[in-house]
Amino acid sequence: MANKIKGLLVDVTRTMEIKEVEFEDTLENIYSLLDVDYIDVAVRKVGNHAYDFIVDDEGLLKGNAIPSVFDSEQKPQLVGNVLIVNSNEEGDFTSLTEEQIADLKNHVGSIIVDDGITPVIVGADYE
C-alpha cells in the first residue's frame, strides 16, 4: 500500500484554484491529480524552504501553456498544473507540514487567463 502524502495543488487548467490535497503516492494518482501523461520534478526555494514541484513534462508542448509558478522577479518558471511536496534523502515524496502549506499560501498571486483569473505561486527561485 502506498503512503498518503499531503501536498498543495496549483490547478491552472481545470478548477483554477490552489488547494490542499492528500493522495496515495503512486504515479497514477499524480498523473490524475495533474491531468498529465508524463511528469518531471523541479526543485525551487520558496521562502526559506526548498520544495519539489511536480510538473507536466510536456507542459510547454501543449497549445495554451499557462504559467503557474513565477520567481521573485515575477518571471515564469513552470507552466501547467503543479503539485508541491517535500522529499526525503532517498528522493521519496513526503508530506508538506501545516506550516509549509501556510507559508506557500502566503506566496500566492494571480494572473489573467482566457477563462478568467487563476492563482499562481510567486517567489519560487532556484536554490
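This report describes the strands, cores and selected residues of a predicted model.

The model is predicted, and local features are given only at pLDDT of at least 70, side-chain atom pairs only at pLDDT 80 or more, while totals for chains, interfaces and linings use all residues. Residues are numbered from 1 along each chain as its sequence is written, and side-chain values use heavy atoms, with hydrogens and water left out.

## Strand pairing

Helices (H or I, at least four residues) and strands (E, at least two) are DSSP runs numbered from the N terminus. Two strands are called paired if DSSP finds at least two bridges between them. The table lists the pairings.

| Strands | Sense | Bridges |
|---|---|---|
| β3 and β4 | antiparallel | eight bridges |
| β4 and β7 | antiparallel | four bridges |
| β5 and β6 | antiparallel | three bridges |
| β5 and β10 | parallel | two bridges |
| β9 and β10 | antiparallel | six bridges |

V41 stands opposite I54 in β4, and V55 has V82 of β7 as its bridge partner. V69 is bridged to L78 in β6 and to I121 in β10. S110 has P119 of β10 as its partner.

The hairpin of β5 and β6 has five residues between its strands. β9 is joined to β10 by a hairpin through two residues.

## Nonpolar cores

A nonpolar core is a set of buried Ala, Val, Leu, Ile, Met, Phe, Trp, Tyr and Cys residues joined through side-chain atoms within 4.5 Å. Buried means under 20% relative accessible area, exposed means over 50%, and partly exposed lies in between, with a 1.4 Å probe and protein chains only.

The largest nonpolar core holds 24 residues, of which F53 and I84 touch the most other members. Two or more residues each come from β1 (4–11), β3 (39–46), β4 (49–56), β5 (67–70), β7 (82–87), α2 (98–105), β9 (108–113) and β10 (116–122). The largest contribution, three residues, is that of β4. β4 is also mostly covered, with six of its eight residues buried.

Contact here means heavy atoms within 4.5 Å. With neighbours within four places in sequence left aside, the contacts of F53 include V41, V46, V69, L78, V82 and I84.

A second, separate core has 12 residues, among them L9, I30, L34 and V36.

## Helices

Which residues of α2 are buried? Q100, I101 and L104 are. Viewed down the axis of α2, its buried residues fall within an arc of 100 degrees (the arc of the directions from the helix axis to the C-beta atoms), so they line one face of the helix. An α-helix has 3.6 residues a turn, so residues three or four places apart point the same way.

L33 belongs to helix α1. Beyond its neighbours within four places in sequence, L33 is in contact with L9, R14, V21, F23 and L83. L33 and A65 are 32 residues apart along the chain, and their C-alpha atoms are separated by 17 Å.

## Selected residues

Q77 is placed in strand β6. Not counting residues up to four places away in sequence, Q77 touches R44, V69, F70, D71, A124 and Y126. Between Q77 and P67, 10 residues apart in sequence, the C-alpha to C-alpha separation is 7.3 Å.

The charged end of R44 sits over the ring of Y126, 4.0 Å from the ring centre. A charge sits over a ring if NZ of Lys or CZ of Arg is within 6 Å of the ring centre and within 35 degrees of the ring normal.

Two residues other than glycine have a positive phi. Phi of D35 is near 60 degrees, and phi of Q74 is near 65 degrees. D35 lies in the loop between α1 (27–34) and β3 and, at 49% relative accessibility, counts as partly exposed. Q74 lies in the loop between β5 and β6 and counts as exposed at 60% relative accessibility.
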